[in-house]
Protein chains: 2
Amino acid sequence: MTDIPDADPAAEMADALRDAAAFRHTGRATINDIARFAKVSKKTVSRVINDSPLVKPRTRTLVKAIIAELGFTPDPRARALALGRSFLIGMVYDNPSPQYVVNMQRGILDGLEDTDFQLVLRPVNRADSNYWHRLRSFIQQHKPFGLILPPSVSEDEELIEMLRAHDVDYVRIASVELDTPARMIRTHDAEGAAQAARHLCSLGHVAIAHIQGPETFRSAHERRSGFIRGLAESGRSLPDEMVAQAGYTFDTGLQAMERLIYAKRRPTAVFAGNDEMATGAYVAVRKAGLRIPEDISIVGFDDTPIAGRLWPALTTVRLPIREMGRAAAKLLLDQAAGNAPAGIISFAPEIVVRESATAPAKAG
Amino acid sequence: MTDIPDADPAAEMADALRDAAAFRHTGRATINDIARFAKVSKKTVSRVINDSPLVKPRTRTLVKAIIAELGFTPDPRARALALGRSFLIGMVYDNPSPQYVVNMQRGILDGLEDTDFQLVLRPVNRADSNYWHRLRSFIQQHKPFGLILPPSVSEDEELIEMLRAHDVDYVRIASVELDTPARMIRTHDAEGAAQAARHLCSLGHVAIAHIQGPETFRSAHERRSGFIRGLAESGRSLPDEMVAQAGYTFDTGLQAMERLIYAKRRPTAVFAGNDEMATGAYVAVRKAGLRIPEDISIVGFDDTPIAGRLWPALTTVRLPIREMGRAAAKLLLDQAAGNAPAGIISFAPEIVVRESATAPAKAG
DNA sequence: GCTTGATATGACACCGGTTACCAAATGGAA
DNA sequence: TTCCATTTGGTAACCGGTGTCATATCAAGC
C-alpha cells in the first residue's frame with residue numbers, strides 16, 4: 001500500500017479519541033473542546049450537531065465519535081441565546097378540570113421526552129384582563145419555542161394573532177377546525193356526544209337531560225349539538241327544560257343536577273358535558289336519596305382518571321387526552337422542523353361503557 | 001443660582017427620556033440601548049438591575065426611568081448563560097397520587113409568580129435505574145436554578161449527594177427532618193395521623209384498621225406510627241392483622257380494603273394513608289354491599305380535591321399541599337438570595353371532619 | 001493643597017453556542 | 001494542465017448579559 005502514514009484515518013481517530021478520553025474528567029465539555037480534539041473548527045462541530053450536509057463523512061464520523069466519548073451535549077442556554085428563542089414549550093391553560101390538565105401534561109411530557117425541550121406551565125385566567133399582558137411579557141422575555149393551547153385558550157383568536165406577531169409556533173387543541181393541519185389537533189366531540197346519546201337511547205331512556213358546559217367553550221356547544229343529533233336519530237329531542245347550564249366544574253355540575261332532579265319532569269338519564277360535572281351530579285343524586293344507575297343513569301365525557309374511581313364506575317366518552325398531549329408536542333416539534341402532517345390530526349372519542357348507565361326502571 | 005447649565009440633572013433626565021421615547025417602537029430593548037440613552041456603560045445598567053449598592057442615587061434614578069420608559073426586562077437566556085445557571089426550577093416527583101402533584105404544582109406556581117423563574121416538570125420513576133442518570137443529565141445540561149423535591153424523591157440521599165456535587169439548590173418536602181431549615185419544608189404527618197386516631201376513638205370505634213402506604217415512603221411510616229400513638233392514648237392498639245399494606249394508589253387501596261373486609265374480624269373504621277387509597281376503599285366497601293359510614297367509617301389523609309368530591313364526603317387529614325408548594329418555592333428563592341429562615345418551616349396537618357366517619361353501629 | 005481611601009464608573013473579556021463571510025481544498029470539464 | 005464550480009473549513013462577530021480589574025471621582029484628613 002502507498003498510504004501516506006500520517007493520514008491514516010483509523011490512526012487519526014484513535015489518537016483523537018485517546019486525547020479526548022484523557023480529558024474526560026475535566027468537567028463538562030464544550031463545543032470548543034470537541035473542536036480541539038477533533039482538530040477542526042467550532043463551526044464544523046456545530047455543523048455536525050445540526051446535521052448540516054456540508055461536512056465530509058469522515059470528518060463527521062470523527063467528530064461524532066469524540067462527542068460520544070466526551071458525552072458532550074450542546075448547552076441549551078447558549079443555543080437559546082444565539083438562536084433567539086428558548087427551548088421552553090409552554091402549556092397555556094384555563095381549564096376548570098384539574099384532571100384534564102394533569103393528563104395532558106403527562107402527554108406533552110411524553111412527547112418531549114429525550115429532547116432538549118422543557119415543558120413550562122402557564123395557567124391563566126381568561127377572565128382576568130391582565131392575562132393577555134402577562135402572557136405577552138412571558139413571550140417577549142422568554143421567547144418560548146412554542147405553545148400548546150388546549151381548550152378553551154385555543155379558541156382565543158386575539159391570542160393567536162399575538163403569537164403570530166411574535167413569531168411563536170403553537171398547536172391548538174380544539175373540537176372544531178380552527179386552524180391549518182400543522183397547527184392544530186382536532187377532537188370530534190360532537191361525534192362522541194352522539195355516541196352517548198345512542199347509548200342512552202338504546203338502553204330505553206326517554207326522559208334524557210344534559211348538563212351543559214360553559215358558553216365560553218366551543219366544546220360545550222359541540223357536545224350539546226352532537227348529543228342532540230344522536231338523540232334525533234332515535235326520534236328523540238332535548239327540550240330546553242332538560243338542559244341545565246353549568247361551568248365544567250364539580251360544584252356547578254352538582255347544582256345543575258339538583259335543578260334537574262327537582263324539575264317538573266325528572267330525567268332518568270343525564271349526559272354531563274365532562275367528568276368533573278358528572279362527579280358533581282353523582283353527589284347531587286346521592287344527596288337526594290336516589291341511586292345510580294337504578295334511578296338515574298349518568299354518562300360523562302373525557303374519561304379522566306376520576307371516572308374509574310367513582311362508584312359505580314362512570315360510563316363516559318373517552319377522549320385520549322394524554323395521547324392528544326403527546327401528539328400536540330410532536331406536532332409542534334415537526335412544525336418547527338418544517339414537516340407538515342398530511343392531513344389534520346384528529347382523535348375520535350369513543351364511549352366507554354361502565355356501570356353508571358343502565359336501562360331505566362319500569363313504570364313510574 | 002450658579003448651576004452649570006449642562007449638568008442640570010432634571011434637564012439631563014428629560015433629554016434622555018425623550019431620546020428613549022423616540023426609540024420605543026424599535027422592537028425590544030436590550031441593556032445596550034438602556035446604556036446608550038442613559039449615557040452610562042452596560043455594566044452600570046447591569047448594576048442597577050441587580051440592585052448593586054455601588055451606584056450613585058442620581059444615576060440609579062436615571063437608569064431606572066429609562067428602563068421603565070422602554071419597558072426593558074433583562075433577557076433570561078443571556079443572564080442564564082453569563083451566570084452559568086438557568087432560571088428553571090424543577091419539580092422532581094415520583095408520586096402515585098396525581099391529585100397531590102397538581103396541587104403542589106399550583107402552589108409552586110403561586111410562589112414563582114412575577115419572577116423570572118419557570119417551573120419545569122420532571123416526573124421520574126424511582127424504580128427505573130435510569131432515573132438517576134436522566135436527572136443528572138438534565139442538571140448538567142440545563143443547570144437548573146433549583147429543584148423542589150416532594151416525597152418520596154426528597155428522601156433519596158444519593159440524589160441529594162449528586163445535587164450538592166453539582167451545586168444545585170434544592171428544597172425537600174418531607175415528614176421527617178431530613179435537612180437544614182434552609183433546605184426543607186416539614187410536615188408533621190405523625191401528628192395528623194394521631195388526630196385521625198383520636199377522632200375515630202372518640203366516635204367509639206374499637207375495631208380499627210389501617211391501610212398503609214408503601215414502605216419506600218417515610219410518610220407511610222410516620223402516618224402509621226402516629227396513628228398507633230393516637231390509638232394508644234385511648235388504650236387501643238393496632239394489631240398486625242388490622243394493617244393492610246398498599247401502595248398509595250387507588251387500586252392497591254381497593255385491594256387492601258377488600259382484604260380487610262373479608263378478614264376474620266371486619267373493622268368498623270379504617271384509616272387510609274392517603275386520599276387516593278381511601279377512594280379505592282370506598283369502591284371496595286360499595287362492591288361488598290356495605291355502606292359508608294354506617295357499616296364502615298373511612299378517614300383519609302392529604303385532603304386532595306377528590307376528598308370533597310366523593311360521596312359521602314371524605315373525612316380526612318388536611319395537608320395544605322398548595323401552601324407547601326408555595327412555601328417551597330419561596331424558600332428556594334430565599335435560599336438563593338442568602339436569607340435563611342429563622343427556624344424550620346413546618347406545616348401542621350389538621351383533621352377535616354366531613355361525612356365518611358360516624359359512630360359505629362351498635363351490636364354486631 | 002495634596003494624600004488617602006472609599007465610592008462610582010467604565011473597558012474588556014467571557015459564557016457557549018450560531019451565523020456571515022471568506023479562504024482553501026477538491027474535483028471535473030475544457 | 002488549467003480553470004472554475006463546488007465542497008469544506010476557518011475566522012470573526014454576535015446573541016445579551018455578567019465578572020474582573022483599572023480608572024475616575026470625591027470627601028475627609030493632614
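**Around the DNA strand**

Author: Happy to! Keep in mind that this is a predicted model. DNA strand C is surrounded by 26 residues, and the closest are A:Ile31, A:Ser46, A:Ala78, A:Ala82 and B:Val40.

Reader: Thanks! Which elements give two or more residues to the surface near DNA strand C?

Author: In chain A they are α3 (42–49) and α5 (76–83), and in chain B they are α3 (42–49) and α5. The most comes from α5(A), which gives five residues.

Reader: And how do the residues of that surface divide by class?

Author: Near DNA strand C there are 13 nonpolar, six polar and seven charged residues.

Reader: Nice. Changing topic: how many residues of chain B are in contact with chain A?

Author: 31 residues of chain B are in contact with 31 residues of chain A. On the chain B side, α5 (76–83), α6 (98–112), β2 (118–123), α7 (131–142), α12 (275–287) and α13 (305–309) each supply at least two residues. By class, that side has 19 nonpolar, eight polar and four charged residues.

Reader: What rotation superposes chain B on chain A?

Author: A rotation of 180 degrees, with 0.0 Å of shift along its axis, and the RMSD is 0.1 Å. That is the relation of a two-fold axis.

Reader: Which C-alpha of chain B is nearest the axis?

Author: That of B:Val120, 2.5 Å from the axis.

Reader: Last one: through what surface do the copies meet?

Author: 100% of the interface residues of chain B are interface residues in chain A too, so the copies meet through the same surface.

Terms used: Residues are numbered from 1 along each chain as its sequence is written. Chains are lettered from A and ligands numbered from 1 in the order in which they are written. This is a predicted model: local features need pLDDT of at least 70, side-chain atom pairs count only at pLDDT 80 or more; totals for chains, interfaces and linings use all residues. Two residues are in contact if their C-beta atoms, placed from the backbone, lie within 7 Å. Helices (H or I, at least four residues) and strands (E, at least two) are DSSP runs, numbered from the N terminus. Ala, Val, Leu, Ile, Met, Phe, Trp, Tyr, Cys and Pro count as nonpolar, Asp, Glu, Lys and Arg as charged, and the others, Gly among them, as polar. Copies are superposed by least squares on the C-alpha atoms of residues with pLDDT of at least 70 in both. A residue is near a molecule or strand if its C-beta atom, placed from the backbone, lies within 6 Å of it.
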